[in-house]
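Subject: Structure handover

Hello,

Please find the structure below, handed over for your use. My notes on it come after.

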Amino acid sequence: MMKAMVLDHAADVATDPLQLREFPIPAPGPGEVLVRVTVCGVCRTDLHVIEGELANPTLPLIPGHQAVGIVSQVGAGVTARSIGERVGIAWLQATCGLCEFCTSGRENLCELARFTGYQVDGGYAEYALVPAAFAYPIPPVFSDEEAAPLLCAGIIGYRALRLSGIRPGQRLGLYGFGASAHIAIQIARHWGCRVYVSSLKPEHQDLARELGAAWVGGATDRPPDKLHGSIIFAPAGELVPPALRSLERGGTLALAGIHMTPIPSLDYDREVFGERTIRSVTANTRQDGLDLLREAAAIPIKPHTVRFPFGEANRALRSLKSGSFQGAAVLSIST
């Protein structure tokens, strides 16, 4: 038997919607591996799923999509992964492999994609299943706790950096400074970028300064220089107009959240004209994950993590919602 934190229906995390239960350990099917989970990151996407901001999750559901652990069983036909190997499970769990998106390097846009901790049970459990083709080998430079936030916060931050069009030596803006932004800044600084951070929380502002931000201001403060590219990590649509106004002509604003409050109307002359671009970030490809893990290991990235006991997942989610910690939260599942 295994223990898991289970969501029966969407509810505010203040009501402790996750319940600890026991289930039979699942068996891997053809092409799958069974992972004994050691840690699982706690992501804002989990919060959106649990509180009903993302529609139609498969219920009852085990959330969590930043799981790290050891392969304990392999299903028929699996040759790429082996028992005893340390792997990570991320948000993208499966795609059709046949559509125009899958066959053109854009599998993140597959309309038949399935996602961990949303349509498929995830990592808030002692064991989790994943197709072997979607299990990421974890570089040895990272501990389990350090690796967990890389599997979503890191991957999405990395894809957002790419979609922002930022180049080495340019000026980058980050709006919101949680788990994803605190990894993205480390990559951008490694590229030689000057990073300008706008954040609501004083403790998040402090971490941004510690990680080398050239300027730190409040959520809507205007940076002192025009920015070549920016990323909004906060799920706040009202940040879009001021972020566009702070862009250099020809700059790109990447929206990295899976959910965002409504975006106010835009003034064409002040906020869009000058070939400024808005791009959303939709999930990730497996190649994004592999590239991020390789570059993060080479730098190496050092995620700031806060550990919570497995049974306190509800408290971890409340802390995430209130922004009461720096960096990324992880659940300690098993040893």
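The notes go from the whole chain to single residues.

This is a predicted model, in which local features need pLDDT of at least 70 and side-chain atom pairs count only at pLDDT 80 or more, while totals for chains, interfaces and linings use all residues. Residues are numbered from 1 along each chain as its sequence is written, and side-chain values use heavy atoms, with hydrogens and water left out.

Overall shape and surface

The protein chain holds nine helices and 17 strands; helices (H or I, at least four residues) and strands (E, at least two) are DSSP runs, numbered from the N terminus. The C-alpha trace spans about 60 × 45 × 35 Å along its principal axes.

Of the 335 residues, 56% count as buried. Buried means under 20% relative accessible area, exposed means over 50%, and partly exposed is in between (1.4 Å probe, protein chains only). The accessible surface of the protein chain comes to about 13,500 Å², and carbon and sulfur atoms account for 52% of that. Areas come from the Shrake-Rupley method with a 1.4 Å probe; for residues, only the protein chains shown count as cover.

Among contacts between residues at least 6 apart in sequence, 70% join residues at least 24 apart; contact means heavy atoms within 4.5 Å.

The chain has 30 positive and 32 negative charges, and their mean positions are 5 Å apart. Lys and Arg count as positive and Asp and Glu as negative, with His and the chain ends not counted. Each charge is placed at NZ of Lys, CZ of Arg, CG of Asp or CD of Glu.

Cysteines

The disulfide count is zero, where a disulfide is a pair of cysteine sulfur atoms within 2.5 Å. For Cys 102, the closest cysteine sulfur is in Cys 99, at 3.7 Å, too far for a bond. Cys 102 is buried, at 17% relative accessible area. For Cys 110, the closest cysteine sulfur is in Cys 96, also too far for a bond at 3.7 Å. Cys 110 is buried too, with 6% relative accessibility.

Two cis peptide bonds are listed here. One runs from Leu 59 to Pro 60, with omega near -10°, and Pro 60 sits in the loop between helix H1 (44–50) and strand S4 (67–74). Another joins Ile 299 and Pro 300, with omega about -15°; Pro 300 sits in the loop between helix H8 (286–298) and strand S16 (305–309).Asn 56 is not a glycine but has a positive phi of about 60°. Asn 56 is in the loop between H1 and S4 and is exposed, at 68% relative accessible area. Ala 283, likewise not a glycine, has a positive phi of about 50°. Ala 283 belongs to the loop between strand S15 (277–280) and H8 and counts as buried, at 13% relative accessibility.

Phe 23

Phe 23 is in strand S2 (residues 18–23) and is partly exposed, at 28% relative accessibility. Leaving aside neighbours within four places in sequence, Phe 23 is in contact with Met 1, Met 2, Ala 4 and Val 6. Phe 23 and Glu 126 are 103 residues apart in sequence, with their C-alpha atoms 10.0 Å apart in space.

Regards
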